[in-house]
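Please walk me through this structure, taking its strands, its metal site, its pocket and its charged pairs in turn.

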Amino acid sequence: MTELLYQTDSYLKEFDSTVTAIDSDNHAVALERSSFYPGGGGQPADRGTLIYGDTEYTVLKAKKTGSDVYHYIDGDAPLPDVGSTVHGKIDWERRYMLMRTHTAMHILCGVIFRDYGASVTGGDMDPLKGRMDFEFETMQRELVQAIETAINKEAARGLPVTVKILPREEAFQIPDLIRTKINLLPEGIRQVRVVEIVGLDLQADGGTHVGNTSEVGNMRVVDYKSKGKINKRIYLEVED
Ligand SMILES: [Zn+2]
C-alpha cells in the first residue's frame, strides 16, 4: 500500500522512498510512499524522475493498481530491486500548472452552482486547459462573459483552498457534498477527502490543488457546447 504524500501536501516536489514491488511487464515500480499523482478525477498522472544510486530513471506516468502506486519507467534499464531506497522528483512545472488548472475548474463549479444552480457531472483537464460538463439547461452564449468575470473575481479574492480527510459518515452529513453525487462513492470507501474553496465550493476530490485561489491567475472561458437539452460543456483556459 503506497502512502499518498500528495493527498496532504500538494506542494511536495521530492521525497525518499522504498521500492515495494516490481511489475516487469510494464517496467514499473511500486513505492512505499510517493508524491506522484496517479491520475484520476479528470487530472492526468504526474511525470518526473526516480534516482537510484547513479541512475536517473524517467517516470512517464504513475498509475494506481489496487492500493499501490506504480511508477512507469522509460527505456529498458534494469529496475532497482525490491527494498532499494530511491529519491523521487515530480515534474513540478507541469504539476503546478495542473494544480492551478484543477483549482480553476473548482472555481468554475462553485460559481456556476452559486449563480445558476447548475451541478457538475464530469470534467477533464490538461495543463492550463480543461472542460467541465454541467446540468445547465439555461446556458447560452450571452452568459460566457458573465461567467468569466465571476470566476476571475473569485480567483482575485484570494480564497483559501483547504483539504480534509473525513470519515465517510461525517462527510455524508455535509449538504454541499450531496450535489457532487457523493452518494455514488462505493460502500468500501471509509474515508472521504474533501477539498474546499472556502466560501465558494466543496467537493469530494482526490486531486492536487493550489493553497489559495490567487495562485490560479487569469482564466478565460474559451468555448461551450450543447451536449443535449440539459447537458452543457464549458471549456476553460488558464493563462500562463
Ligand atoms: Zn476536482
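## A strand pair and its charged contacts

With a relative accessibility of 35%, Arg220 counts as partly exposed, a value that, like every other one here, is computed from a predicted model. Arg220 stands opposite Glu237 of strand 15, but its salt bridge is formed with Glu239, where the closest N and O atoms are 3.3 Å apart. Because Arg220 belongs to strand 14 and Glu239 to the segment after strand 15, this pair ties together parts that are 19 residues apart in sequence. Glu239 is likewise partly exposed, its relative accessible area being 31%.

The strands around this contact can be described next. Strand 14, residues 219–226, pairs with strand 15 in the antiparallel sense over 7 bridges, and in the hairpin that these two strands make, with 4 residues between them, Gly228 takes a positive phi near 125 degrees. Strand 15 also runs antiparallel to strand 10 (residues 129–135), to which 7 bridges join it; within that pairing, Tyr235 of strand 15 is the bridge partner of Arg131. Of the 8 residues of strand 15 (residues 231–238), 6 are buried, so the strand is largely enclosed by the rest of the structure.

The side chains of Asp223 and Arg141 meet in a salt bridge at 3.9 Å, N to O. Asp223, at 29% relative accessibility, counts as partly exposed, and Arg141, at 48%, counts as partly exposed too.

The count of salt bridges comes to 11. One of them joins the side chains of Glu154 and Arg157 at 2.7 Å, N to O, and at 3% relative accessibility Glu154 counts as buried, the cut-off for that class being under 20%. Glu154 and Arg157 are also linked with Arg114 and Asp115 in a network of salt bridges.

Which residues coordinate the zinc ion? The donors are His102 and His106, each through NE2, and Asp205 through OD, at 2.0 to 2.1 Å. Along the chain these donors follow the spacing H-x3-H-x98-D. His102 and His106 both lie in helix 1, 4 residues apart, which is about one turn of the helix, and both of these histidines are buried.

Asp205 leads on to the largest pocket, because by the lining rule a residue counts when it has an atom within 4 Å of a pocket point, and Asp205 is among the residues nearest the pocket's centre, together with Leu185, Ala204, Gly206 and Gly207. This pocket has a volume of about 1200 Å³ and is lined by 40 residues. By class, its lining has 16 nonpolar, 17 polar and 7 charged residues. Strand 1 (3–4), helix 1 (92–116), strand 9 (119–126), strand 12 (191–197) and strand 13 (201–204) each supply at least two residues of the lining, and strand 9 gives the most, with 6 residues.

Conventions. Residues numbered from 1 in each chain as written. Predicted model: local features only at pLDDT ≥ 70, side-chain atom pairs only at ≥ 80, totals over all residues. Heavy atoms only, no water. Buried < 20%, exposed > 50% of the residue type's maximum accessible area, 1.4 Å probe, protein only. Pairing = 2+ DSSP bridges. 1 Å grid on protein atoms, 1.4 Å probe; cavity = no way out; pocket = protein on both sides within 12 Å on 5 of 7 lines; lining within 4 Å. Points joined across faces, edges and corners; volume = space filled by probe spheres on them. Nonpolar A, V, L, I, M, F, W, Y, C, P; charged D, E, K, R; others polar. Donors = N, O, S within 2.8 Å, 3.2 Å for Na, K, Ca; no water. Salt bridge = Lys/Arg side-chain N within 4 Å of Asp/Glu carboxyl O.
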